[in-house]
Amino acid sequence: MAPALFSARLDPLEQLLKMKSTRQLSLLFLLPLLLQVRPSLLVQEILVDHDTILKIKAAAEMMQCSAAVDVLFLLDGSYSVGKGSFERSKHLTLTLCDALDIRPDKVRVGVIQFSSTVRTEISLNSYSSRDKLKKHLKKITYRGGSTQTGLALKYVLKKGFSADRNSSIPRVLLLLSDGRSQGAVQQAATELKQSGVTVYTVGIRYPRWEELHALASAPVEQHVFFAEHYSDAVNGLCTALSTSAVCKAVPPGCKVQSFSCERKTLETVKELQGNFVCWKGSRGSSPYTSLCPFYSYSKKYKIHPAACHRTVCYDPCDSQPCQNLGTCVSEGLEKFHCVCPPGYGSDPHCAPALNLDCSVDVLFLVEGSTALSLEGFMRFKSFLKRFLQTVVGADTPTKIGLAQYGDDVKLEAKVGKHRDVTALLRMVDALQPRGGKAMTGKALQYITRHGFQSSPIFADVHDDLPRVVVLLTATPSTDHVVEPAKYARDREVFIIAVGPEDLKAQLNNITGNPQRSLTYSSPDRLGTKIPELRAKICAVDNQGCLGQPLDLIFVLDGSSGVGRDNFIQLKDFVRSVSVQFDINRDVAQMGLVVFGRRPVTVFDLDTHNSGSDILKAVAEASFLGGAASTGSALLHVHTYSLTVGKGARPGVNKAVVVLTDGTGAEDAVVPAQKLRDNGVFVFVVGIGDLQQESLLRIAGRADHMITVPFYEDLKYFDDVLVQMVCVEAKRPVDLCRPNPCMNDGMCVLWDSSYRCQCRGWEGPHCETRSTKNPSRGDLPRVAAPRRTGRKGHRDLNRRHTTTKH
C-alpha cells in the first residue's frame, strides 16, 4: 500500500547522523536546526493511499461537535518543545476550536500552559463565543523552561475544571507535549483519569510516544494523535468523541474506519566503535597513554505499530458507477449523476440494456503471465467484474467458468459451479497472477480437453450447449497458437479473443474469424467493450444462419443525409452480419445495392462465392452522396437484383435489409409492398432521428424493424438482425414466389416443382427470345383465306342437304 500523505524520509538528515569521522561529527551542531525541518514527515504514518488521506481531510472540515462538554487544552511550553513547535500546537488548538460548538450551554474551552511552572491562560468560563476565544488564544506567548508534566497534571486535577457546572458533564483534557517530561507523571495521570477526566495526548515535534501512550485514556489508539497533522488530529479527536458518545460529530453518509498506522520515536543510540590509544598525561618526559573506548552516537527511530480510527466520507463516484467512459459528477455524499458518451444516454449509469440471455457455456481464460504487468492483470479483473455485474442476472441461462494461465493452466472454477453474481465476483476477486511465460497455445489446448463437460439431463441425454472460450490476453504468446486454436474450433469450441490493437493478427489467428476478435486502442478503452463482448457471446447461441439457404440483399443509404463517416459504419455493420452466414452457391448468397438519388448495384447475388470475398467487396463500396430515394432502390431490387439472371435461386427464401436514416423514404412504401407481395421479406434498420412511421410501412411489421439511436450503436444490433432474418429464412418456401419466370412468364406449380409458361420466350425461366414459329398455342393464330373458303363450302352443302330433305 502506498504511504500516506503524512509520511516521507529525511535522507539528508539520516546521512548526516551516520557520519563517523571527527570532522564530520563536528557538524552535529546543525542537528537541532535540522530537526526543525518538517518533523511531521516521518513521525507518524497512516498506511493508506493518497485518496483516503484526502477523504480524511475532507471529513475533518465537515465535522462539528455540539454537546455539553468541558474541553481543557494543556500546552507544553518547555524548552524541549521550542517556540516553533509551540506555535504549531497553538495552531492545532485554533483548528480544533473550529470543530467545537463553543457556547455557554454547549462546549466550553480552557487553555493552560506549563513548563517549569503552570499557568492558566484561559479559564473554562472566560469566553462564550468562538471568535473571542480564538482572538485571545492567538495572544498566548511561549514561556520556556523545564518539562514538568506531572506538576501540570496535578494542577489540572485541582484547579483545571471548575465546579460551577453539572458533574455529569463530560470533561476532556487534551495534552499537547513532546512526551519528554522531567519527573514522575504516571501517578498524577492515573488520579486524573480516575476522577472521570478523559485524557487525549497529542504529540509535538519528535515525541516520545511511550510516555504519551501511558498518559492517555484507554483504548490508547483512540486517544493519541499527532499535532503536525492538523486535519488528521481534528478528525481523530471528533471521531473519538463520537465513538465515546460525548457528541455526534460524524457527518451523515460518513463512517468510522480503522487504519493501520505507525508512530516513531527519535532516539539517540550509543554504539561502541572500539578501543583506541588515547593520551592521559605524562610521566616525566614520557607521555602516559592507555586504551580508551570510542563511541558513536546516531539518531534512530523506534516504531510503534498502532491502529488509527478516522472518519471517512466516501464520494459516491468512488465506486465508478458510470460505465463506458461516462463521467461521474458528485452531488453531495450520496447522490451523483453520469455524463454519458453518445449511445449510452438512456441509462443513468451509461450502460446499455444488456443481459446475457443466451444459453451457452462460457469459460473466461485470463492471462496471468510474468510478461503481463500487475496493473494489466488488475485491469483484466476489473473488466471481468464489470462485465459480470452488467450482463449477469438472476435468471441468466448462461453458465460461466474461469481459468488462468501462464506457463501452465489452472481451472479456477468449473463452468456452472457458481450461478449467482455475488459468488462469481468473489471468484474473480480471489484471482492472483500465476506468473511464468504466456503460453496461450498450450492453454487453449488444455481448456478444450478439460474446460467443459456435459451435464446429464436424463440417462441418455446430455445438455450439450454451445461452448465459448473468452480469451483475455495482452502479451504475445511464447508458443504457437494456430494449431491449438484450430484444434479447439474443430471440436466446436468457439473462441472470442480480447486484447490490444497490436495483437490483432495473433487474435485473428486464434479466433479464425476477425469478427470474433475484440481489440482496444488503449487500456482505458477496455471497459467500453462490454456490450460488444456480450453480443459476440450470444451470437454463438444463434450461430447466425449457418447451413440455412437464403438470398439476402442489403440496401445501403449512401446519401448526403447519412454522410461519408457514417456510411463506413453502415458497411462495417453489413460485414459483421455477413460472417454469420455460410456464403456459397449452395447455402447463402448475398448482394449489395447502394443508393443516393439513384441505386447502384455493388455486386449481385451470384458475384461472390465466399465470405472473404464478400467482406472485401463491401469494404470497397463507394459513398454516393446527394439526395436519397429509397423507393427507387427497392424498385431496382425487385426488377433487377432478385431475378434468376442476377443469381436469385428458385425455392430459396429472399430477404432485403434496408439501412437508412429515414430521409427520402416517402417513396418506398409501394415498392416495398410489391416486394412483400412477391414473397420477399423486407427488414429495415433505422438510425438516428428517423421517420419511424414511414420506415414501419416499408418493413410492413414491427418485428421486422430495428431502431438504433446512434451509428456507433449499430455494432450492438447485428445479432438482433441475424436472429430476425433467420426466423424468416426457415419458413416454408413457395416455389412461385417470387416469380422465377422472366419476361412476364407465368409460374405454374407442377408435381412438387414448377414450370414457366413463356410467351415469345423460351428456356426453363423464359430467359431466351424464341426463334421458332408458334406451334402450341403460345400465340394466337392468324386465319388463312383457304380455310375460310372451305368452311363456307361446308356450310353451303349442309344447308343444301337440309333443303333437299
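Student: In this predicted model, which residues does Ser296 touch, not counting residues up to four places away in sequence?

Tutor: Leaving aside residues up to four places away in sequence, Ser296 touches Val269, Lys270, Glu271 and Gln273. With Gln273 there is also a polar contact of 2.7 Å, which joins the two side chains.

Student: Where is Ser296 found, and is Ser296 buried or exposed?

Tutor: Ser296 is found in strand S9, which covers residues 286–312. A residue is called buried when its relative accessible area is under 20%, and Ser296, at 13% relative accessibility, therefore counts as buried.

Student: How should I read a sheet, and in what order do the six strands of the open sheet come?

Tutor: As a general idea, strands of a sheet pair through backbone hydrogen bonds, either parallel or antiparallel. Here the six strands form an open sheet in the order S14-S13-S12-S17-S18-S19, with mixed pairing. Strand S14 (409–418) and strand S19 (517–520) stand at the edges, and because each has a single partner strand, one side of each is left without a neighbour in the sheet. From one strand to the next, the twist averages 15 degrees.

Student: In which sense do S18 and S19 pair?

Tutor: Strand S18, residues 493–500, pairs with S19 in the parallel sense over four bridges, and Pro500 has Tyr520 in S19 as its bridge partner.

Student: Which strands does helix H13 touch, and which does helix H16 lie across?

Tutor: Helix H13 (residues 421–429) packs on the sheet, where it touches strand S13 (399–405) and S14, and its direction makes about 175 degrees with that of S14. Helix H16 (residues 504–511) lies across strand S17 (467–472), S18 and S19, and runs at about 175 degrees to S18.

Technical notes: Residues numbered from 1 in each chain as written. Predicted model: local features only at pLDDT ≥ 70, side-chain atom pairs only at ≥ 80, totals over all residues. Heavy atoms only, no water. Helix = DSSP H or I, 4+ residues; strand = E, 2+ residues; numbered from the N terminus. Buried < 20%, exposed > 50% of the residue type's maximum accessible area, 1.4 Å probe, protein only. Polar contact = N/O pair within 3.5 Å; in protein donor to acceptor, adjacent residues only side chain to side chain. Contact = heavy atoms within 4.5 Å. Pairing = 2+ DSSP bridges. Axes fitted to C-alpha atoms, helices over the stretch in contact; angles between N-to-C directions.
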